[in-house]
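Please open the structure in your viewer and keep the selection tool at hand.

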Amino acid sequence: MSNINKSPILIFGASGAIGSSAAHILKKNKYNLLLSNSKNNKDIKNLSGKLKSPYFSFNFDKKLSKKQLVNKIEKHTSSLQGIIISIAKPFPNKLIQNTEDYIFEEQINIHLLSLHKIIRSCLPLLERAKNFCTPRIIYISSEYLIGSPPVKIAPYIAAKSASTSYVKILAKELIKKDIRVFILSPGMIKSNLTSNIPEEYFKQIEQSMPEKKLTSTKEISNIINAIYKGYLDASYGNEIQVSKAERR
């Protein structure tokens, strides 16, 4: 087992734009972290080295079992004070009628089925930490479930919608166990997921914003930090919008 003296916060999708930003601010605020990524690549290695936090890779695209995930986690820690779920998979930006069936299946698998595997694997470890903290789960959703989504992202939004509904029910179930579940609904950001979107499109979006700029990962990670400090405990189970978009 790795030398983590106090139950860490486990970040799934740690090398992504939101996951990485959250990791930096939480580490700055003296939280112990355990990082996870789908691939054992230089991004997660660099982040691990910079933050001096251990990591493991777990690819949800592969048919890996819940037991395999538990074994990966328990090599580093026997309990968790929190988890952050910020995983995603790129998809082709096409109209619904031009999208192959398997694309929808991939998105459902990476968002909903992987989420279920994470919860089943991590829940016993979260319960073990209740003696010294309030365990907290943060799921990264999308503001497009609150407002009107754009075209050509149906597979992603359909999967996010299913996952967000799952998390709303989970929040009601786990509050009875003194575990708080939060849903963050961030606005559009620049990330690997949006890397195939033309820069001109981002400029058009920015011009439609009241402040003429997109949501930043720092703004999102500041809310994540506030959640782990307990400042937003009364907002468990609700969609917390973090966005520069027009108010709806």
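Select K52 first: this residue follows helix α2, and its phi is positive, near 55 degrees. Please bear in mind that the model is a predicted one.

Next, move to the start of α2 and display N41 together with D43. A side-chain oxygen of N41 comes to within 3.2 Å of the backbone nitrogen of D43.

Now select the whole of α2, residues 42-51. Which of its residues are buried? They are I44, L47, S48 and L51. These residues span an arc of only 100 degrees around the axis, and therefore lie on the same side of α2. Colour K42, N46 and K50 separately; these are exposed, on the other side of α2.

Then keep α1, residues 17-28, and α2 in view. Two packed helices are described by the angle between their axes and the distance between the axes. Here the axes come within 11 Å and cross at roughly 10 degrees. An angle under 35 degrees counts as roughly parallel, so α1 and α2 are roughly parallel to each other.

Finally, show the side chains where these helices meet. From α1, select S20, A23, H24 and K27; from α2, select L47, K50 and L51, which they contact. The residues of this contact comprise three nonpolar, two polar and two charged.

Methods
Residues numbered from 1 in each chain as written. Predicted model: local features only at pLDDT ≥ 70, side-chain atom pairs only at ≥ 80, totals over all residues. Heavy atoms only, no water. Axes fitted to C-alpha atoms, helices over the stretch in contact; angles between N-to-C directions. Helix = DSSP H or I, 4+ residues; strand = E, 2+ residues; numbered from the N terminus. Parallel < 35°, antiparallel > 145°, perpendicular 65-115°, else oblique. Contact = heavy atoms within 4.5 Å. Nonpolar A, V, L, I, M, F, W, Y, C, P; charged D, E, K, R; others polar. Buried < 20%, exposed > 50% of the residue type's maximum accessible area, 1.4 Å probe, protein only. Arc of directions from axis to C-beta. Polar contact = N/O pair within 3.5 Å; in protein donor to acceptor, adjacent residues only side chain to side chain.
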